[in-house]
Amino acid sequence: MPPYLAGRTNEQDEFRKALRQTTILENVILTGLRGVGKTVLLETFKPIARRAGWLWVGQDLSEAASLTEQNLSKRMMADLAVATSGMLVRTETHRQMGIGREDIEANRPIGYGDLHSIFEATPGLVSDKLKAVLLFVWKALPSGSTPGIVFAYDEAQNLSDHAKQDQFPLSLMLDVFQSIQRMGVPYLLVLTGLPTLFPRLVEARTYAERMFHMLFLNQLDDKDSRDAITKPIENDQCPITFQTRTVELIRESSGGYPYFIQFICREYFDTWLSQNKKGEQMSVVNADILRKLDTDFFVGRWSRATDRQRELMEVIASLPNCDSEFTVQEVADLSRSVLDKPFSRSHISQMLVSLSHAGLVYKNRYGKYLFAVPLLSSFIKRQME
Ligand SMILES: Nc1ncnc2c1ncn2[C@@H]1O[C@H](COP(=O)(O)OP(=O)(O)OP(=O)(O)O)[C@@H](O)[C@H]1O
Ligand SMILES: [Mg+2]
């Protein structure tokens, strides 16, 4: 968590609105580029949900690429068992030995083992089994004890169907939630991930389009960026303050992206501390910090691209609209005017697919492309220089 979370109050309000649904018609997607602040915002949703009485089931799906339907179900049940532990009890009657002894009733908590038994005992598809477990839990919760359960999954863009292996965990999740929500069970799905997430969901199930309300996180505006830079050091213990000029410089070079703001501020802070100890004047050149940011953040991604891919990305970075959407046609046109060996349209399309697998670009729902890494175009231009 950042020492001060700047902005994002609209998104938190939208989430509060989602919690006010009694019948869940809209689930939530939190999406945006790398480092824009999805994970920390999702973290702030947790106390909001809890304060409203909701239970919270959470998971990071970073490793979900190879998840089978069975494994996804098991993970969901394991998370659910933790969230409901202490709330779910089963009353069991024990018969006393001997004549005239009364039966005694005892309560025992319901745990993962119980959920798993229900899963195994339910006939049908994995989705039927998982649905049975989720329904069972809702019915077993003491009535009025909670308005519902939030199922929050971070890095959800990793979840995918695998037709070749006959495994459809992504579709399973959508089917199960859609079906139990229709039955009036208030389980709210909150998915967080890169911008590839939503197209992926719609590709798996077209009804996903109507099932989610999408919150697209953008970079912070100027005021929020300034707050993110200055608020964490506004206290008596902090030995450092930024001049207005420095704040503006950090804001501009970060492009308002929280990860970059934090990176640059930390560099300033560390350099100040080490220089101050040596009794020298503070002399941090922003260019040095940008160079460090390049090595730490961009170079790894850039070096994994092939020469031809880099050439293509240089063409893209030279487009006037490189920081918003661009089309294959625009790239082809520019490539013809700047390269000796220009790219054909079909070649560009193919390469954009491999670049999107590498997480460098993505295709939005209107079929246009965007860079998937914030400030990538400025980095590429620095490389070209
Ligand atoms: N609103 C904010 N105000 C201040 N700092 C923030 C804010 N949002 C995020 N940060 C900081 O920016 C960094 C990136 O945030 P976070 O990890 O949540 O991004 P993310 O979108 O989940 O990234 P990724 O796509 O890599 O998962 C973190 O160090 C976080 O503390
Ligand atoms: Mg994250």
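**Close-up views of a predicted model**

View 1. Domain 1 (9-89 + 106-216) and domain 2 (222-284) both give residues to the shell around ligand 1, so ligand 1 lies between them. Like everything shown in these views, this arrangement comes from a predicted model. How many residues surround ligand 1? There are 17, and the closest are P2, G37, K38, T39 and P258. Sorted by class, the shell has 8 nonpolar, 6 polar and 3 charged residues.

**View 2. Five strands form an open sheet.** Follow the strands across the sheet and you will meet them in the order β2-β5-β6-β1-β7, with parallel pairing. Which strands stand at the edges? They are β2 (55-60) and β7 (212-216); each has a single partner strand, so one side of each is left without a neighbour in the sheet. From one strand to the next, the twist averages 15°.

**View 3. Strand β5 pairs with strand β6, and helix α1 packs on the sheet.** Strand β5 (residues 149-154) and strand β6 (residues 187-193) run parallel and are joined by 5 bridges. To find your place along this pair, look for V150, which stands opposite L188 in β6. Helix α1 (residues 9-19) packs on the sheet, where it touches β1 (27-31), β6 and β7. The direction of α1 makes about 170° with that of β7.

**View 4. Helix α9 crosses helix α10.** Here you can see helix α9 (residues 222-230) and helix α10 (residues 244-254), whose axes come within 10 Å and cross at roughly 115°. What is the handedness of the crossing? Helix α9 passes α10 in a right-handed crossing. On the α9 side, the residues that meet α10 are D222, S225, R226, I229 and T230. Their counterparts in α10 are V247, I250, R251 and S254. The residues of this contact divide into 3 nonpolar, 3 polar and 3 charged.

**View 5. Domain 1 meets domain 3.** Where the two domains touch, 9 residues of domain 1 are in contact with 7 residues of domain 3. The side of domain 1 that touches domain 3 has 6 nonpolar, 2 polar and 1 charged residues.

Technical notes: Residues numbered from 1 in each chain as written. Chains lettered and ligands numbered in written order. Predicted model: local features only at pLDDT ≥ 70, side-chain atom pairs only at ≥ 80, totals over all residues. Axes fitted to C-alpha atoms, helices over the stretch in contact; angles between N-to-C directions. Helix = DSSP H or I, 4+ residues; strand = E, 2+ residues; numbered from the N terminus. Left-handed = near helix turned anticlockwise from the far one by under 90°. Nonpolar A, V, L, I, M, F, W, Y, C, P; charged D, E, K, R; others polar. Near = placed C-beta within 6 Å. Domains from an automatic or database assignment. Pairing = 2+ DSSP bridges.
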